[in-house]
Amino acid sequence: MKIKVNPEDFQVEEVLSTPLTRTNAPHRVYRLKKRNWNTVDAMAEIASAKGISLKELHWCGRKDRYALTTQHFSTSSPTDMSFKSNNLSVKFEGFSNSELGPSSISGNRFKVVLRDLTPGEMTTALKRLNSLKESGFANYFDDQRFGDVESSGFIGEMLVKRRFKAAVKRIFTSCHPEAPGETRKRKSALSDRWGRWSDVAPLCPEPQLKAMLEALMSGGGPIGSLRKVPREEMGQYFSSYQSFIWNLVLMEVLKSRTDRLFEISCRTGALLQYDELTPEDLTFLSGLQIPTPAADMPPMPGDTGTILSRILFERGVRLSKFRLPEITQAYFATFLRPAIVIPEELHWEEGPDNLFPERQMLTLEFFLPRGSFATMLIKSIIDAV
């Protein structure tokens, strides 16, 4: 089975919940269609073409790079943001009284094509789809949430443990797995020369790293250096670690409710997805909302508090340490997240694969509420096959 053979095999469309008006209002809202662009790079390209700062654009969420996606952004700038290139197009949609953000959408509609299925894989996938339609899937955070994860662990956990020096070094030396060879070589040299700041400086062309290094060299120490990390990036370190712990809590909840489980792959380690649920377990899990961990989180439902405490203890972490006054630009924010999600408007069509002879393809269409990952739904099909 294959996914994302081409970008059109993974289509996403945001559904706005924020009302728009045709009469003048403080914020102009645009619809962005993109192909083979990640959201931040696409927004930066548009801002550069229009001669405005990227900070003037506000969007609802990040969308996959290798996909065909439709999303929205707002700006208070009077500049007409209409734009068109081979893989990007921007069209004015209307006005809004408030800037757009994650809460401005109700969810996303998806059209996903699974290719190169054998007859046996198709049979298993169809069985799993019928179960998904009735019982949904475990609402884990998926790989998109864990961009900062490496073998050395989470920067967020380093910060919670007050390992500030290690966190600073990790930010300087971390490298995306798909980074060019020259970048990987530079990061390796930076790690080797760590602490010899005059040798490190030529290896830090990025403005953020330059600012962080200046703080280290001027006596600001690791805390001063960490305070140079932009708010959005620091927030991502926090949310990544929160999401990882939340996933572990949900997995333990599932293990306590059912033995109809199978493994699904995640870059942070294997997780357990359920095959099907009894009516009793479905009722319980569909009503369960688990808060993301934070020092000021609300009471945990049922035995989830005990599960969280055990997980944190095993990792050498205390919940009170999630309060980090040393870091001023971001904090651990808590919110309730449903334990499971049942896809809406789910339907599918099977047929011969036009790209892989003698194989079949499966086209899925569905709607997921804001914050749920379509890739997790797909994994619950693929990894079950």
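Start by selecting Thr123, which sits in helix H2, residues 119–135 (helices are DSSP runs of H or I with at least four residues, strands are E runs of at least two, numbered from the N terminus). You're looking at a predicted model, where local features need pLDDT of at least 70 and side-chain atom pairs count only at pLDDT 80 or more, while totals for chains, interfaces and linings use all residues. Residues are numbered from 1 along each chain as its sequence is written, and side-chain values use heavy atoms, with hydrogens and water left out.

Thr123 is exposed, at a relative accessible area of 55% (exposed is over 50%, buried under 20%, partly exposed in between, with a 1.4 Å probe and protein chains only).

Next, show H2 together with helix H12, residues 374–382: they pack at about 135°, axes 9 Å apart (axes are lines fitted to C-alpha atoms, for helices over the stretch in contact, and angles run from 0 to 180 degrees between N-to-C directions). That makes H2 oblique to H12 (under 35 degrees is roughly parallel, over 145 roughly antiparallel, 65 to 115 roughly perpendicular, the rest oblique). Pick Ala125, Arg128, Leu129 and Leu132 in H2, and you'll find them meeting Leu377, Ser380 and Ile381 of H12.

Now jump to Gln273 in strand S11, residues 271–274. Gln273 is buried, with a relative accessible area of 0%. A polar atom of its side chain lies 2.7 Å from the backbone nitrogen of Ala138. Beyond neighbours within four places in sequence, Gln273 has contacts that include Arg128, Met376 and Ser380 (contact means heavy atoms within 4.5 Å).

Time for rings: the structure holds 15 aromatic pairs (Phe, Tyr and Trp rings, the six-membered one for Trp, with centres within 6.5 Å; planes under 30 degrees apart are stacked, over 60 edge-to-face, the rest tilted). Select Phe110 and Phe366, a stacked pair at 5.2 Å centre to centre and 20° between the planes. Phe110 is in strand S8 (residues 105–117) and Phe366 in strand S16 (residues 360–369), 256 residues apart. Phe110 counts as buried at 9% relative accessibility, and Phe366 does at 2%.

Then try Tyr241 and Phe322, stacked at 5.9 Å centre to centre with 15° between the planes. Tyr241 lies in helix H9 and Phe322 in the loop between helix H11 (304–314) and strand S13 (336–338), so the pair ties together parts 81 residues apart in sequence. Both are buried.

Key
Polar contact = N/O pair within 3.5 Å; in protein donor to acceptor, adjacent residues only side chain to side chain.
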